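Hi,

Here is the model I promised to pass on.

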There are 2 protein chains.
Amino acid sequence: MSPLGFHVLATDGAARRGRLETAHGVVDTPAFMPVGTAATVKAMTPDAVAGTGARMVLANTYHLMLRPGAERIARLGGLHRFMNWPGPILTDSGGYQVMSLSERRKLSEDGVTFSSHIDGARHELTPERAVEIQALLGADVTMVLDECTRFPVPEAEAADSMRLSMRWAARSKAAYRERPGHGLFGIVQGGAYDHLRAESVAALLDVGFDGYAVGGLAVGEGQETMFRVLDSCVGLLPADRPRYLMGVGKPDDMVGAVARGIDLFDCVIPTRSGRTGQAYTRRGVLNLRNARHRDDPRPLDESCPCPACRGYSRAYLHHLVQAKEILAAMLLTWHNLQVYQDLMADLRAAIETGTFAHFMSDFAAARAAGDEETD
Amino acid sequence: MSPLGFHVLATDGAARRGRLETAHGVVDTPAFMPVGTAATVKAMTPDAVAGTGARMVLANTYHLMLRPGAERIARLGGLHRFMNWPGPILTDSGGYQVMSLSERRKLSEDGVTFSSHIDGARHELTPERAVEIQALLGADVTMVLDECTRFPVPEAEAADSMRLSMRWAARSKAAYRERPGHGLFGIVQGGAYDHLRAESVAALLDVGFDGYAVGGLAVGEGQETMFRVLDSCVGLLPADRPRYLMGVGKPDDMVGAVARGIDLFDCVIPTRSGRTGQAYTRRGVLNLRNARHRDDPRPLDESCPCPACRGYSRAYLHHLVQAKEILAAMLLTWHNLQVYQDLMADLRAAIETGTFAHFMSDFAAARAAGDEETD
């Protein structure tokens, strides 16, 4: 019995409709977690984030350990109070950002030392320290430290890296202190090699975690490969534990992953796109920089309930983007997060009613018929 | 009888408690208008602006004529619909921005030609075109085109400039088409020369306007000179018409101006300061960049009802400013606009209850005792 509650309420094929019960509230799955890297979902107030239907957000251990510091956040009452988000929070372990953002990395069996991209200061991240930092932050869901390999990567390197991550996963579990409503997730690695993925799942199951993430995807391998990897390993994971596909993705990536049994997602796409003038719709992606919008009195999407669609024309949003106004980022981020949350709500309803196959074909048809710019 | 309703409900010394009635709603005065330069109060949604108590906003003719264009906004249903602000809007005439932002200016009796700071395109602004643009935007209050002189400026130059502005004011009035709930304001010029200010008032009264602005102040002359100029000319203005001090100011500037009979203000200080990490309080200005805030669990102001003060610590706001997060601009702008609106509400209450002198001494005492950084 895990201290983190999880119940599968309905299934439709491999797709699951579940409920995650954390110390800070319940999350209906499939669920999308907006990314709040530096303890803020960029350009959004927490009220606005919750208003889109989001129940759980992700924050980045790497960014927060460097600034303002995990001990400081702990003294200030923890991350929930610090960022004024009363709902559940999942923190990543920092491994991915160390590999992608930091400088002068030095990897060893023990962990990784690196220089901050902010001020060059030297830091160390070990499996034990990553768990400690996430406890200081007060994360509802803690992620094990892993090494994220590049793509493509030779098989021997992928195997070595995955096995190091598995040893780190076992050390993370040993360092982790259980609390009711909180959980520790292991991360399946192994690149695009199905047998390494299977070996990774077996290693994680030997240790035992409150949930299982699939990592190392959405790194350039393409949707076909990503789905093949999911096909190879998701079915090996225990049915009674939540499954989280890290860093994914675009709407069609998520629909395909739900079809393969994934419960949780996070991705910077809706927020980052909102800051670069892009708006997601069910028919494709609108680039608001495009001059064709400058006289268009229509909202982004007639049926969307978000403030951007209820109050403003495409012409106005185009104007805000051209003028580099902060309100452009605010409204487009809001819209994109609403689209992502509405997609999750529709996926949950489809699984509940046993109409998931029908939903998928409607979803594909709307995109195929789309009159919007494609992404 | 002006088509723009204005009633003085109470006075206390020279200070006035009034009510401006426009086509888009009532504005209790003294009132502060947040600046929405490019058809957005930067980093704020219209709902948030209204939530602070603001009833009327200012938009800039210069910026909007260049981008997205006045004719385009008219085709899209006017500025109120375009920017989703259902309340009253005052538009400036563009004169000030032409002088401060545009390139290759050429001034003549007819008007001013200039190059856009955005794309270099050549534009012309005449008194007639400025009135036409503001009608296309749908402004509740239209401002006459004036020439804004630098400070300091020799008397002869100030006189020539003021007299040109007075001829333009008469042409603006001739070009302006009256509509119920809408009005045209003249602008008193004359630099720091009291007799030129008096001459300017007389010229404007000869033409007759729905309200009177005092322009050409807050350009570096200092508060003492500004108050002296107000002392010299505000009393000459008709008591039954609103009086607007353009581009002012800091809280103590506004308190002193209300004491001298001013009803309306606009200024970029609360919004611009919010984007540069500065928070106004009754005790002074907090610079959130300062490291002394990094462990401070207190809100900006215990008694402030704004979201920044209800939900967040100074430590968190410091973190957001350091991390250059958009939420820093959003929350600090919100707070500053709330402080400005609350000051206006207190000023109105003090005048209504005949306690304005008492309010002024309390206001000065709070600032003198302030433990915050001064601005």
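Let's start with one residue: Gly94(B) sits in the loop between β6 (89-91) and α5 (95-101) of chain B. (Helices, H or I of at least four residues, and strands, E of at least two, are DSSP runs numbered from the N terminus.) Gly94(B) counts as buried because it has 28 C-beta neighbours inside 10 Å; the cut-offs are 20 or more other C-beta atoms within 10 Å for buried, 12 or fewer for exposed, and partly exposed in between, with C-beta atoms placed from the backbone. Leaving out residues up to four places away in sequence, Gly94(B) touches Thr61(B), Tyr62(B), Met65(B), Leu125(B), Ala130(B) and Leu145(B), where contact means C-beta atoms, placed from the backbone, within 7 Å. Met143(B) is 49 residues from Gly94(B) along the chain, yet their C-alpha atoms are separated by 8.9 Å.

Some housekeeping. This is a predicted model, in which local features need pLDDT of at least 70 and side-chain atom pairs count only at pLDDT 80 or more, while totals for chains, interfaces and linings use all residues. Residues are numbered from 1 along each chain as its sequence is written, and chains are lettered from A and ligands numbered from 1 in the order in which they are written. Chain A averages a pLDDT (the predictor's confidence in each residue, from 0 to 100) of 96, with 99% of the residues scoring at least 70. The ipTM and the pTM are 0.97 each.

Now, how do the two chains relate?

At the interface, 32 residues of chain B are in contact with 32 residues of chain A. On the chain B side, α3 (70-75), α4 (79-83), α12 (307-311), α13 (314-322) and α14 (326-352) each give two or more residues, and α13(B) gives the most, with five. By class, that side has 18 nonpolar, seven polar and seven charged residues. (Ala, Val, Leu, Ile, Met, Phe, Trp, Tyr, Cys and Pro count as nonpolar, Asp, Glu, Lys and Arg as charged, and the others, Gly among them, as polar.) The copies meet through the same surface, since 100% of the interface residues of chain B are also interface residues in chain A.

Within chain A there are domain 1 (5-267) and domain 2 (274-368), with bounds from an automatic or database domain assignment. Their centres, taken over C-alpha atoms, are 27 Å apart, and 26 residues of domain 1 of chain A are in contact with 23 of domain 2. α10(A) gives the most to the domain 1 side, with six residues.

Last, Tyr280(A): its place is in strand β15 (residues 278-281) of chain A, and with 26 C-beta neighbours inside 10 Å, Tyr280(A) counts as buried. Among the residues that Tyr280(A) touches are Pro251(A), Pro270(A) and Val339(A), not counting residues up to four places away in sequence.

Cheers

Conventions. Two residues are in contact if their C-beta atoms, placed from the backbone, lie within 7 Å.
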